[in-house]
Amino acid sequence: MTVEFVLNGKRVTAEATGDTVLLDVLRNLGCHSVKCGCETTNCGLCTVWVNGKSRLSCSVLALSIEGQEITTLEGVKEKAEEFGSFLAAEGAEQCGFCSPGFIMNVLAMVRELKNPNIEEIKEYLSGNLCRCTGYMGQLRAICKYMEHMKEEVHS
Amino acid sequence: MLTINNYVKAKSLEEAYELNQARNARIMGGMLWMRLGNARVQTLIDLSDLGLDQIEETAHVFRIGAMCTLRQLELHEGLKVLYGDSIAESVRHIVGVQFRNQATVGGSVYGRFGFSDVLTCLLSLDTFVELYNGGTIRLSEFINRKRDKDILVSIIIRKSNRRLKYDAVRRAKTDFPVLTCAVVAGPVHGKETWYFSVGARPMKAKVLEKKWSIPRDISDGLLMDYAKEAAAGFDYGTNMRGSAEYRRHLAEVLIRRSMHAILMEE
Amino acid sequence: MRVVNQPVPKVDSRALVEGQPVYTDDLAPADCLIVKLLRSPHAHALIQDINLTRALAVPGIECILTYEDCPDKRFTMAGQSYPEPSPYDRLILDQRVRFVGDAVAIVAGTGKEAVNKAMKLIKVKYEVLEPLLDFRKAKDNAILVHPEDNWKSLFPVGADNKRNLCAHEEDGQGDIESVLVSCDYVLDRTYHTKANQQAMMETFRTYTHLDTYGRLNVVSSTQIPFHVRRILATALDIPKSKVRVIKPRIGGGFGAKQTAVTEVYPALVTWKTGKPAKLVYTREESFIASSPRHEMEIRVRLGADKNGIIKGIDVYTLSNTGAFGEHGPTTVGLSGHKSIPLYGKAEAFRFIYDVVYTNVMSAGAYRGYGATQGIFAMESAVNEMAGILGMDPVILREINMVKEGQTMPAYYGETANSCALDRCLARAKKMIDWDNKYPYRDMGGGKIRGVGVAMAMQGSGIASLDTASVGIRVNDDGFYTLMVGATDMGTGSDTILAQMAAECLDCDMEEIIVHGVDTDSSPYDCGSYASSTTYVTGMAVLRTCEILRRKICAKGASYMDCAPDDVGFDGEKVLNLKTGESISRQEIGNRVMCNNEDALYASEAFSSPISPPPFMVGIAEVEIDKETGQIEMIDYAAVVDCGTVINPNLARVQTEGGIAQGIGMALFEDIVYNEKGKNYSNSFMQYKIPSRLDVGEIRVEFESSYEPTGPFGAKSIGEIVINTPPPAIVNAVHNATGVLIRELPVTAEKIYRGMKNKEK
């Protein structure tokens with residue numbers, strides 16, 4: 001069967017069977033930022049947006065997204081680069097394998113939460129595992145990024 | 001590994017129900033648990049076009065569509081007004097936001113999972129499930145029924161003047177719980193009544209009802225006696241996450257703490 | 001310093017945060033064969049028959065390989081320099097299967113669906129044997145994990161397959177028994193650390209193809225490309241010249257990828273079929289058939305006089321290497337050699353160990369490499385000794401710790417050339433406000449907070465063994481190519497090596513491009529493990545730069561027609577010190593491309609006779625629920641002496657990450673098997689690693705000593721950082737509740753039980 005959906009603003013079609021998951025479809029369509037880390041919905045590496053909301057593409061059936069809007073890191077390049085530069089400035093991307101899914105959820109968070117405190121940030125991102133950093137550098141990057149965004153709004 | 005031969009987005013509940021009568025047909029929830037199994041599904045039925053993703057609040061009930069996500073439950077203002085943070089507390093430890101944007105209330109309830117926080121919590125309230133064919137029945141009755149081919153349409157929580165406290169113990173913050181516990185108190189037919197729901201024992205949650213009238217200034221010792229009596233009404237088992245003995249102890253502690261918190265709220 | 005000791009971003013950071021396709025699976029062509037492994041359901045069995053008829057009939061199946069298709073030459077998957085201390089005890093596929101999950105058949109086909117279908121149709125008949133699952137009973141057990149006659153040990157490590165022994169050794173100095181007898185207090189305790197998973201986010205994976213010359217090209221997520229070349233040549237029984245290994249970006253390793261876990265399988269498929277093939281382990285496979293930390297049981301006997309001077313240390317370690325001996329003989333050594341030397345006043349020590357085979361998955365290398373286990377035992381014992389002496393554990397350490405300039409008999413007699421352990425302890429104590437928080441504070445509401453302390457050391461590469469070489473080339477316009485064989489696995493080693501080169505060559509980071517690793521073109525490096533890259537490869541960079549500077553000067557001098565002794569190089573230009581005439585690096589770079597017979601290239605190697613230890617102190621503050629035993633990390637103060645910090649950001653993140661892993665090991669990470677040897681901890685649902693809600697606050701500072709033999713005074717950082725959390729957390733729990741936990745992980749239930757027993 002084929003499924004048609006909007007990927008990063010462009011209408012695309014892909015082949016899929018009943019049990020094909022969105023993750024595989026996206027990688028086949030060249031969105032290599034989307035990584036598989038666990039297959040059991042625990043790690044957050046495969047985070048993409050479905051109609052603007054963070055979801056785990058390893059567990060979204062490809063056929064179920066007919067007509068919907070899917071966004072991957074490739075589709076939010078500018079924003080990802082902007083936040084990514086804060087991450088890199090802390091050295092907190094480390095191996096980088098969890099970065100795309102993490103960045104997608106950070107961008108979803110800053111859209112959804114107004115002025116989150118540290119606890120709210122940690123809780124929102126608790127589904128994004130990282131084995132390299134111990135999370136502290138990511139948190140530093142987020143705090144600096146949010147400060148930077150506030151300054152941008154003011155100026 | 002899960003195999004799905006045929007995926008259908010149902011156009012009506014009627015169609016979904018009829019498709020579901022086939023032997024290897026399954027209704028899809030958030031696709032989080034089913035995907036981990038090895039089921040061979042002939043027809044998978046998706047209910048997501050049927051408007052079941054709303055939480056409707058009326059003067060008497062909350063009607064939670066089966067396809068509502070746990071995240072919707074967590075953020076719902078009306079539930080917050082009535083139950084404080086307790087409903088949100090019962091879901092916010094579940095994996096992460098992405099997971100809860102996907103996991104459905106219907107899937108959580110239909111699955112009757114031993115580890116389910118949601119089930120533990122809903123069970124302690126005046127909760128019913130609306131079935132497509134089987135009418136509206138109490139949640140406590142539903143979860144003990146044999147699985148059949150009916151479709152869970154919505155969860156209905158009857159509003160009442162009851163207070164809810166939810167608590168759970170986990171080894172790691174986003175792990176499955178070692179024990180879950182929901183305590184509810186309020187007048188039922190004019191009598192002060194307590195409901196105790198304990199799950200992840202590791203068996204699925206079960207609810208007990210006690211007609212207890214407990215004074216606000218009860219001593220710690222006497223309150224502990226009540227909690228022990230309530231905890232003794234459940235059976236406990238051992239698995240990787242904890243022993244039966246420890247779970248029983250946790251049940252006593254969590255029940256007592258929740259009772260205390262409820263009494264202090266008055 | 002201009003570049004070294006600066007927090008420069010990683011050279012690959014942009015690609016990583018943009019999600020560029022730079023990892024193994026991103027690079028494999030879409031049409032390559034998909035390889036999967038059929039695995040044993042039994043912990044110990046002999047394959048009697050494998051029927052492939054129906055499976056081979058599945059459309060799209062290219063080949064199915066069994067033990068009959070594999071060379072009968074044993075090898076080890078351990079990434080170590082030849083001759084490897086790890087025994088040659090493996091075949092690619094064997095008739096005997098030795099753990100639940102051991103590979104039985106290699107299935108390759110054109111798609112996932114075909115391969116999965118074929119896997120279900122392979123019929124295997126097993127003769128099921130009794131498994132050996134209790135590592136305490138393994139030595140001299142009637143059940144032999146490796147009865148085969150072609151098992152061999154290349155190195156004198158005390159191995160004997162007919163006794164289930166992968167290694168045995170005894171070491172010591174002084175008369176330990178009489179020293180212990182002379183002590184006022186002798187403590188005798190046994191500690192148990194479990195197998196843990198590295199759980200890097202990118203699972204094991206390899207993609208292979210044949211190149212223009214018919215050579216086997218291997219793109220793999222590995223820490224050890226040069227060792228993989230040798231391992232594959234040995235396993236496939238082909239010349240090493242036929243193998244080329246390329247390391248792309250790696251999604252984390254932590255030692256897991258110091259074992260060639262996946263490479264042999266697609267390599268065999270490609271070698272047999274001539275077709276490209278890839279094997280990507282699922283998370284489940286990465287949990288059940290990988291290379292976790294060795295489970296160890298460690299008995300410590302510690303003797304002290306009444307003033308608290310630790311006079312004698314006796315350690316016996318029993319290590320469980322599982323079904324195969326990867327890293328078995330070497331990890332165990334660190335459990336004593338990197339724990340005993342922390343205490344500088346001991347008059348005698350003894351260290352004995354046994355490493356045994358059992359029918360669980362093979363262990364491997366995991367950050368800390370045995371030191372983690374040994375330090376848990378040693379530091380816990382020292383904390384218990386403080387209790388016996390009625391002494392603050394910080395003070396007990398202050399009076400006993402190893403000091404700069406001391407010889408360390410248990411550390412192969414090396415001298416601590418650089419050691420700021422005393423400063424680390426003083427600073428960590430201040431950071432956590434130890435004097436006001438020790439031993440505990442009752443926070444009210446049934447919560448109590450305790451603090452606990454531990455010290456640690458590691459090494460910097462393997463002394464007199466690890467060898468690193470780098471090459472640096474001057475290109476047109478004068479930019480440099482730094483060619484390394486060391487493997488950046490996300491740690492940022494490409495970056496810190498470039499920083500060192502930029503410092504030495506007086507240029508900006510942007511003028512250096514880093515190339516690595518390709519065994520065809522990169523200079524030899526044993527790989528990134530044993531905390532070797534900063535120290536060993538870093539020194540190779542320094543040496544290479546020195547030679548290259550001389551060559552640049554000589555070339556500049558010849559272009560200016562003057563003597564090499566008359567010129568200097570300031571990074572931008574070669575200057576005739578007598579005349580003031582100069583020639584730019586850019587011009588030299590361009591001119592050497594014509595009519596030139598001197599390659600403007602230098603390549604030097606380095607190996608160190610010593611392995612200078614970094615030191616560290618960690619202090620944990622935890623909060624315990626007095627009724628449930630639930631434990632919450634509040635604060636972790638860590639101070640590290642890694643010598644000069646080459647990149648403060650990357651060193652900090654390394655430290656924070658290592659501490660988080662240590663917290664996971666301390667609190668809940670545990671590989672659990674059932675009574676038949678089936679691994680229950682086979683997913684991130686059942687094997688929990690810390691989320692960002694589990695780690696509390698982690699605060700890291702540096703107290704640098706200056707290591708005279710290291711690059712810019714640097715020592716290692718990668719491994720030591722995992723060592724302090726388990727003992728510090730156990731100590732904090734003890735200080736808060738009086739409950740002593742000697743078996744990891746510390747769980748709420750153990751704390752609850754301990755508190756309950758104390759009430760009795």
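A: Start with handedness: in this predicted model, α6(C) passes α7(C) in a right-handed crossing.

Q: How do you know which residues make the contact of α6(C) with α7(C)?
A: The test is C-beta atoms within 7 Å. From α6(C) come Leu232(C), Ala235(C) and Leu236(C). They meet Val264(C), Ala267(C), Leu268(C) and Trp271(C) in α7(C).

Q: What classes of residue make up the contact of α6(C) with α7(C)?
A: Seven residues are nonpolar, with no polar and no charged ones. Leu, Ala, Val and Trp count as nonpolar.

Q: Why is α9(B) called oblique to α10(B)?
A: Helix α9(B) (residues 220-231) packs on α10(B) at about 130 degrees, and their axes are 8 Å apart. Roughly perpendicular ends at 115 degrees and roughly antiparallel needs over 145. About 130 degrees lies between those limits, so the label for α9(B) and α10(B) is oblique. The crossing of α9(B) past α10(B) is right-handed.

Q: Which residues form the contact of α9(B) with α10(B)?
A: Helix α9(B) brings Leu223(B), Met224(B), Tyr226(B), Ala227(B), Lys228(B), Ala230(B) and Ala231(B). Helix α10(B) brings Arg248(B), Ala251(B), Glu252(B), Ile255(B), Arg256(B), Met259(B) and His260(B).

Q: How do the residues of the contact of α9(B) with α10(B) divide by class?
A: Nine are nonpolar, one is polar and four are charged. Lys, Glu and Arg count as charged. That class takes in Lys228(B), Arg248(B), Glu252(B) and Arg256(B).

Q: What makes α2(A) roughly perpendicular to α3(A)?
A: Helix α2(A) (residues 77-89) and helix α3(A) (residues 99-112) pack at about 110 degrees, with axes 10 Å apart. The band for roughly perpendicular is 65 to 115 degrees. About 110 degrees falls inside that band, so α2(A) is roughly perpendicular to α3(A).

Q: Which residues make the contact of α2(A) with α3(A), and of what class are they?
A: On α2(A) they are Lys79(A), Ala80(A), Phe83(A), Gly84(A) and Leu87(A). On α3(A) they are Ser99(A), Ile103(A), Val106(A) and Leu107(A). Six are nonpolar, two polar and one charged.

Q: How do you know that domain 1 of chain A touches domain 2 of chain A?
A: The domain assignment gives domain 1 as 2-72 and domain 2 as 75-154. Their C-alpha centres lie 22 Å apart. Contact is judged by residue pairs: 17 residues of domain 1 of chain A are in contact with 13 residues of domain 2 of chain A. Strand β3 (residues 47-50) of chain A gives the most to the domain 1 side, with three residues. That side has six nonpolar, ten polar and one charged residues.

Q: Where does chain B divide, and how many residues join domain 2 and domain 3?
A: The assignment for chain B gives domain 1 (3-46), domain 2 (55-158) and domain 3 (163-265). The C-alpha centres of domain 2 and domain 3 of chain B are separated by 20 Å. In contact are 21 residues of domain 2 and 24 residues of domain 3 of chain B. On the domain 2 side, α4 (86-91) and α7 (117-124) of chain B each supply at least two residues. Helix α7(B) gives the most, with six residues. The domain 2 side divides into nine nonpolar, nine polar and three charged residues.

Q: How do you know that chain B touches chain C, and which helix gives the largest share?
A: By residue contacts, 14 residues of chain B meet 17 residues of chain C. Helix α10 (residues 244-265) of chain B gives the largest share of the chain B side, four residues. That side has seven nonpolar, four polar and three charged residues.

Definitions and conventions: Residues numbered from 1 in each chain as written. Chains lettered and ligands numbered in written order. Predicted model: local features only at pLDDT ≥ 70, side-chain atom pairs only at ≥ 80, totals over all residues. Contact = placed C-beta atoms within 7 Å. Domains from an automatic or database assignment. Left-handed = near helix turned anticlockwise from the far one by under 90°. Axes fitted to C-alpha atoms, helices over the stretch in contact; angles between N-to-C directions. Parallel < 35°, antiparallel > 145°, perpendicular 65-115°, else oblique.
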